[in-house]
Amino acid sequence: MIKNSSKIINLIKVETVEMRGIVKQFPGVLANDHINFDVHVGEVHTLLGENGAGKSTLMKILYGIYHQDEGEIYVNGKLVNIRSPLDAIRLGIGMVHQHFMLVPTLTVAENVALGLPSSRKFLLDLDMVTERIKELVKINGLYVDPEAKVWQLSVGEQQRVEILKVLYRGASLLILDEPTAVLTPQEVEELFHVLRSMIKRGYTIIFISHKLREVLSLSNRITILRDGKVVKTLPAVEATQEKLARLMVGREVLLQVEHPAVKLGKVALALEGIWVQGDEGLHALRGIDLEVHSGEILGIAGVSGNGQSELAEVIAGLRKPTQGKVFIKGINVTNWSPSQLLDYGLSYIPEERMRDGVVQEFNIEENLILKDHIHPPYAKGIFMNFHKIGQESERLIKNFDIRTPSRYTSLKSLSGGNIQKLILARELSRKPSVLVAAQPTRGLDISATEYVHRQLIEQRIKLKTATLLISDDLDEILSLADRIAVIYEGEIMGVVKRNEVSVEELGMMMGGVHKDNIP
Amino acid sequence: MEAIIIGITKSAIRLATPYLYASIGETLGQLSGVLNLGVDGVMLMGAFSAFYTVLKTGNLGLGLLVAIVVGAIFGLLIAFVNVTLKAEQGISGIGFYIFGQGLSSVLFSVMIGSVHTVNGFPPLPIPWFSDLPLVGEILFQQNILVYGAFALIPLSWFLLTKTPLGLNIRAVGQNPQAADSLGVNIVRIRYFTVIAGGILSGIAGASLSIALLNVFQQNLTNGMGFIAVALVYFGAWRPLSVLNGALLFSTVNAIQIWVQVKGINIPPDFTLMMPYLVTIVVLTAMAKRRVRPPAALNKPFQRGEE
Ligand SMILES: Nc1ncnc2c1ncn2[C@@H]1O[C@H](COP(=O)(O)OP(=O)(O)O)[C@@H](O)[C@H]1O
Ligand SMILES: [Mg+2]
C-alpha cells in the first residue's frame with residue numbers, strides 16, 4: 001500500500017482505530033467525558049477544539065502516555081491495551097507532540113535512533129540510520145540534515161525530525177498535535193504539502209488544531225470537542241468556518257474585529273538608528289528607525305527570526321542597543337532599566353509569556369500585581385495592602401474574564417488563553433502610554449484571540465495608547481494595525497498604511513525587497 | 001631534577017586514581033539526570049569494607065569484590081531514594097554522605113579499633129613498556145587499580161558515544177520525556193547509572209585503602225568524593241576532560257606533598273590548601289565557558305508532566 005517507504009522500513013499497517021467511551025479524570029477536571037472517536041486508513045480526521053477541550057489528553061491515551069479511566073480502544077477491530085508509548089509504536093501508531101520531544105544536544109540521527117534496537121547489537125549503527133533517514137527524507141520531502149544537531153535547527157525543521165522519528169518506526173497512523181501552532185504561514189503550507197502526499201501514499205493522519213482555515217483545507221472528517229465531550233463529527237465538505245467556530249465555542253463568534261479610525265496623537269515611541277546584537281553575537285537589528293503615535297497600532301510584519309524578538313526586548317529595556325536611541329514621549333530612555341521604563345508608562349506583553357510574562361510558582365493574585373507591587377495602592381510603606389490587592393485582583397479577574405476557581409489558584413493550572421488574559425489584565429490596567437505586544441495571540445484559541453484583539457483595539461481608542469504589535473501572523477497584523485512596518489534581517493523594508501498595501505506587496509517586503517524597489 | 005619530576009609525576013598518576021573512579025561514576029549518573037552528592041560516603045564504605053576484608057583474609061581480590069558489592073548496595077539505595085521516591089537529590093546526597101561517613105567510622109571503631117596496615121596491590125610492571133625510559137617508570141610500573149582507573153576513560157567514552165546504552169543515558173539526562181515517548185525505560189537507565197556510580201565509588205575507596213595508602217582510618221577520604229563531583233563539572237561531563245581535571249588536581253597535590261616532605265619552608269596550611277584553591281580558581285574561570293549541565297539533572301521523572 002504505502003509505496004516506496006516499505007522498502008526501507010517495516011511498516012506496521014493500521015486500517016482502523018476506534019476509541020469507545022473514553023473517560024479520563026484529572027484532579028478537578030474531567031478531561032475526556034465518554035468520547036467516541038474513530039479513524040480509517042487514508043483519511044485525515046481532525047480533532048478541533050478550544051484549548052483545554054481535551055484533545056491532547058485523548059491522543060495521549062491513544063499513544064499510551066496516559067491510561068483511560070474507562071472505555072476501550074480497538075485497533076484493526078481488535079481490543080488493545082496500550083500501557084506505554086512502546087505499545088502504541090508496536091501497533092503502528094506514532095505521535096508528534098504539541099511540545100516537541102527532541103533532545104537538543106543530540107543529532108537528528110541520534111534522536112531518530114533513540115530507543116530502537118541497533119542492527120549491530122551493542123554498537124550504535126548511526127551510519128545506517130543516517131542512510132535510511134536520507135531515503136525517508138527524499139521519499140517524503142521532509143528536508144533536514146541527519147547529521148545536524150537538533151538545537152541548530154529551525155522550528156520547522158525540528159518538526160520534520162519529529163515526523164521522521166515516527167515514520168522511521170514504521171507507524172502508518174500519525175497523530176499530529178497542533179503541528180502548525182509554531183510555524184510560519186509558509187512552513188504550514190510546506191507541511192500540508194508533505195501531509196497530503198503522505199495521505200496519497202496510504203498513511204492515515206489524526207490532526208489536532210483550532211485554526212479553522214487549516215482544518216478545512218486539510219481534513220476529510222472533523223470531530224469537535226468542547227469541555228471534554230464530543231459536540232459533533234462531520235465531513236469537512238459540510239463545514240464552514242462560521243459553523244465550526246460556533247460548534248467549537250458554543251456561541252456565535254466574530255472572526256473579524258471592528259476597527260474604527262481614531263485621530264492620531266503625538267509620537268509616543270520613537271526609535272532612531274537602533275543597532276542591537278543578537279544572542280549569537282551578530283547584529284540582529286541594523287539601524288531601525290520607527291515612530292508610533294498615540295492612538296495608533298503599528299504592526300511589525302516579517303518571517304519570524306528577522307529581529308522581532310530583539311526589537312521588543314530593546315524597547316522593554318531587556319537588551320542594550322550598541323548604537324541608536326529610544327524615545328518615549330519625547331524623552332531619551334535609551335539604557336533605562338526595565339523598572340524605570342515601567343514606571344514611565346511602558347507596558348510589555350512578552351513573546352515567551354511563560355518565561356518572561358509570569359512567575360509560574362506564584363498564584364494569580366500575585367501575578368496580577370507583579371509590576372506594581374511596590375507602589376500604592378498595593379503597598380503601604382514597607383507593607384503589602386492585601387485588602388486592596390484582593391479587591392483589585394477580583395476586579396481584574398472579572399473584567400478580563402480570567403477563568404479560574406479563585407484568585408489564590410496557582411498560575412500553572414491556568415490554560416494558555418487565561419494566562420494571556422492575566423498578562424493583558426496586568427499590562428493594560430497600568431494604563432500605559434506605550435504598549436509593546438509581542439506575538440500576543442500565538443498558541444491561543446479563537447475565543448482568547450478574539451478577546452485579545454478586542455482589548456488591543458479598545459485600549460487604542462479609550463486610552464490612546466501607542467501600540468507596537470509584533471506578530472508572525474499576517475492576518476492578525478492586517479486586521480489590527482493602522483500602519484505596517486516590514487522587518488527583514490534586522491532592517492525595515494518599508495512602512496505602509498494598512499489600507500494602501502496589498503498582501504503580495506507585503507509578501508515581497510517580507511522576502512527582503514525594499515518598498516521603493518517594488519515595481 | 002629528573003628524579004624529582006619522575007617522582008612527582010608518578011605520584012600524580014597514583015593520586016589521580018580514586019578521583020577517576022569516583023568522577024567517571026558520577027559522570028554516568030549526572031549524564032542520566034541524577035546528581036549524587038553522597039560519593040564521599042560510598043567511597044568511605046568501599047575503603048573500609050575492602051580494608052577489613054584484606055585485614056582478615058589477606059585476599060586482595062576478595063577485598064575488591066566486597067567493595068564492589070558494598071558500592072552496588074549503596075548505589076541501589078541512592079537510586080531507590082532519588083529515582084523511585086523522587087527525593088530532592090542535593091539533600092539526599094548529603095544524607096548519604098553523612099550516613100556512609102558515620103557508618104564507616106562506627107564499623108571501624110567496633111571491628112578494628114586502631115590503625116593497622118595491610119599489604120595492598122603490588123606494582124604490576126607491564127612487560128616491555130615498563131622498561132621504556134621515563135614513561136616506563138611513570139606509567140607502567142603502577143598497580144592494577146591505577147591501570148583500571150585509566151582504562152576507565154576510553155571505556156566510558158566508548159560506552160557513552162558508541163553504544164545504544166550510552167545514547168539512552170545522554171538522552172535521559174537531557175529530555176526524559178522525549179526518551180520515554182520512544183520507549184526508553186527511564187527508571188532502568190537511571191538505576192543502571194547510579195548503581196554503576198556506586199560500584200565505581202566503592203572501587204575508588206578500595207583503591208585508597210588497599211592499593212595506594214594501605215591503611216584505613218576514620219574519614220580516610222577527607223572530602224575526596226566532593227572533589228570528584230567538582231571534577232565532573234570541570235570536565236563538562238566528558239570522560240577525557242574529567243581525566244585532565246583529575247590530573248591537574250593530582251599534580252598540584254603531588255607537588256604539595258613533595259614540598260611538605262622536603263620540608264620546604266612554606267606553611268603547611270597553605271600548601272594543603274593549594275589543590276582546593278586551584279580547583280576553585282579553575283572552575284570559576286571555566287564558568288564562562290557556558291557548558292550546560294544535562295538539562296534534566298536533579299529533576300525526577302514523571303510520565304505525562306512537561
Ligand atoms: N497532566 C495533567 N494533570 C492535570 N490536568 C491536566 C493534565 N493534562 C491536562 N489536564 C487538564 O485537562 C484538560 C484538557 O487538557 P488538554 O487535553 O491538554 O486540552 P487540549 O489539548 O484540547 O487543549 C485541561 O483542563 C487541562 O488543564
Ligand atoms: Mg493540547
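I started with the open sheet of six strands in chain A, ordered β16-β19-β20-β13-β21-β22 with mixed pairing (strands pair if DSSP finds at least two bridges between them; strands are DSSP runs of E, at least two residues, and helices runs of H or I, at least four, numbered from the N terminus). β16 (346-349) and β22 (491-497) of chain A stand at the edges with a single partner strand each, so one side of each has no neighbour in the sheet. From one strand to the next, the twist averages 15° (angles run from 0 to 180 degrees between N-to-C directions of axes fitted to C-alpha atoms, for helices over the stretch in contact).

A note on the model: it is predicted, with pLDDT of at least 70 needed for local features and 80 or more for side-chain atom pairs, while totals for chains, interfaces and linings use all residues. Residues are numbered from 1 along each chain as written, chains are lettered from A and ligands numbered from 1 in the order written, and side-chain values use heavy atoms, without hydrogens and water.

Next I looked at β16(A): four bridges join it to β19 (residues 434-438) of chain A, in parallel. There, A:Ile349 stands opposite A:Ala437. Helix α15 (residues 416-428) of chain A lies across both strands, at about 175° to β16(A) (contact means heavy atoms within 4.5 Å).

Which helix lies across β21 and β22 of chain A? I found α18 (residues 503-510) of chain A there, at about 30° to β21(A).
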